[in-house]
Amino acid sequence: MTFPKGTAASRGLRSCSICSTLMTPRQAKLSSRCRVCGASVSLRKPYSIQKTMAFLITSCVLYIPANFLPIMETTQLGRTLQSTIIQGVVQLWELGSYGVALVIFVASVVVPILKMISITWLSWMVVRKKPISHAKANQIYNLTEFVGKWSMVDVFVVALLVALIQFDNIMSIHPGPAALSFAGVVLFTMLSAQAFDVRLLWDKEQLQESDLTDLEAKN
Amino acid sequence: MSVESRSHNEHHIACYACDQLLHVPPLAVEQEALCQRCGHSVAGHSEKDHGRIIGLLFASLVFLGCALYFPMLGFSAGGRSRGMTLLDSGLALLESNEVVLGLLVIGLVVGIPLLLIVVMLIVLLSLKLNWFTGLLPMWGRIFYEVRHWNMVEVYVLGVLVSLTKIASMAEVEFGMAFWALLAFSVCFLVALNSVDRIELWRLIRRASKR
């Protein structure tokens, strides 16, 4: 594989992901561990796309029970009411807490789906044998990384409500099975984004303006 | 200056995002180094006075202690009232037989921040006092491996969301730990972001002579 001019990899230099120490090819032959911090160092994360996809598929599978099973069970005066993530959002909306409903909807529904789509798209860009737009790919990656952990907010809300509202039969809240699956969705999408090596995007050829016009002309 | 002509000294790094080989000089206050190729922020300004960061870290330890010990939120319904502490949000899940989820919440809310504070204190103190410098690279590595699992700010958002959720049902009382949690998250996040990675490793490398 050839790397773009000016990159560390094009000179055979490996950069440690923890302490950014550069490792020369000669040092790399002796040990694959960083000489400063001891972390494992490679030119590009090994099996990056495979690992990314494996974590992503796991989170997609978990996403199904996370949305269809109840995340919370509210017992009020002997009656038990189960609610899924979406039902929780609808209840909040009906209570008039539009802002909170929106926060939960974005964090628990929009963000995980967007993340799955964008990680798939980025992996596809890497695998596909065509030039890509670096700026666009980079923007999407940065957004994916930044937004990741905020989905965890719904899990924390469930944890807090369960701890706070325990009055036996008058009113009590218990966690539903979806809470764990949803936490899994968040953790596995985070692992997936971390397994993805952004440098793979920059190793690809830059999509030129002229390529675009060529494509348009063909169409 | 060609990179090949001289050995790769500590001022050369590869951009995390695009692997471009860059020369990063020590930065002045409020300066930031951006990658020439992709624009990614490679290095930022670092607080030179580690004493201030150490102070912030001790403050966040104290606030975290308060948040753990005192009640955070109180809630009354049907003539009965109940208070909860920071740790209760995880313990209640354990009591509801959600063991994995309970441990996960405790780990994310208390375990990881505590680990980050302690490790950062060890790093900064041993840099300052020149103690046990041989172990510095190990602590530095632990810090940067764990760092992106910090979710304190997400938890604070969670507390605010659940507050509005229950405010419609009954009266909510703010405990001492609620304010302690807010103070803790501010001190902790400021301390966490005040040391630049490149600069910290430069110091660690020098101190541990690797």
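Tutor: Let us begin with burial. A:Arg199 is buried, and A:Asp197 is buried as well; buried means under 20% relative accessible area, exposed over 50%, and partly exposed in between (1.4 Å probe, protein chains only). The model is predicted: local features need pLDDT of at least 70, side-chain atom pairs count only at pLDDT 80 or more, and totals for chains, interfaces and linings use all residues. Residues are numbered from 1 along each chain as its sequence is written, chains are lettered from A and ligands numbered from 1 in the order in which they are written, and side-chain values use heavy atoms, with hydrogens and water left out.

Student: What does A:Arg199 form with A:Asp197?

Tutor: The two form a salt bridge, with their closest N and O atoms 3.0 Å apart. The term denotes a side-chain nitrogen of Lys or Arg within 4 Å of a carboxyl oxygen of Asp or Glu.

Student: How many salt bridges does the structure hold over all chains?

Tutor: Over all chains there are 7. One of them crosses between chains, running from B:Asp19, in the loop between β1 (12-14) and β2 (21-23) of chain B, to A:Arg44, in the loop between α1 (25-30) and α2 (48-68) of chain A. Such elements are DSSP runs numbered from the N terminus: helices are H or I with at least four residues, strands E with at least two. The N to O distance between B:Asp19 and A:Arg44 is 3.0 Å.

Student: Why do B:Asp19 and A:Arg44 count as buried?

Tutor: B:Asp19 counts as buried because its relative accessibility is 0%. A:Arg44 is buried because its relative accessible area is 10%.

Student: Which residue forms a salt bridge with B:Glu145?

Tutor: The partner is B:Arg141, the closest N and O atoms being 3.2 Å apart. B:Glu145 and B:Arg141 are 4 residues apart in helix α4 (residues 136-146) of chain B, so about one helical turn separates them. B:Glu145 is partly exposed at 38% relative accessible area, and B:Arg141 is partly exposed at 25%. Elsewhere, salt bridges that share partners join A:Arg44, A:Asp203 and B:Asp19 into one network.

Student: Which residues of α4(B) are buried?

Tutor: Those buried in α4(B) include B:Leu136, B:Pro137, B:Phe143 and B:Tyr144. Their cover includes α3, α6 (176-192) and α7 (197-208) of chain B.

Student: How does one judge the span of helix α3 of chain B?

Tutor: The expected span is 1.5 Å times one less than the number of residues. Helix α3 (residues 99-129) of chain B has 31 residues and reaches 42 Å from first to last C-alpha, close to the expected 45 Å. A kink of about 45° in α3(B) is centred on B:Gly107, the bend being the angle between axes fitted to the seven residues ending at a residue and the seven starting there. After α3(B) comes B:Asn130, with a positive phi near 60°.

Student: Is A:Thr189 buried or exposed, and which residues does A:Thr189 contact?

Tutor: A:Thr189, in helix α7 (residues 177-195) of chain A, is buried because its relative accessibility is 3%. Beyond neighbours within four places in sequence, A:Thr189 is in contact (heavy atoms within 4.5 Å) with A:Ser59, A:Lys115, A:Met116 and A:Ile119.
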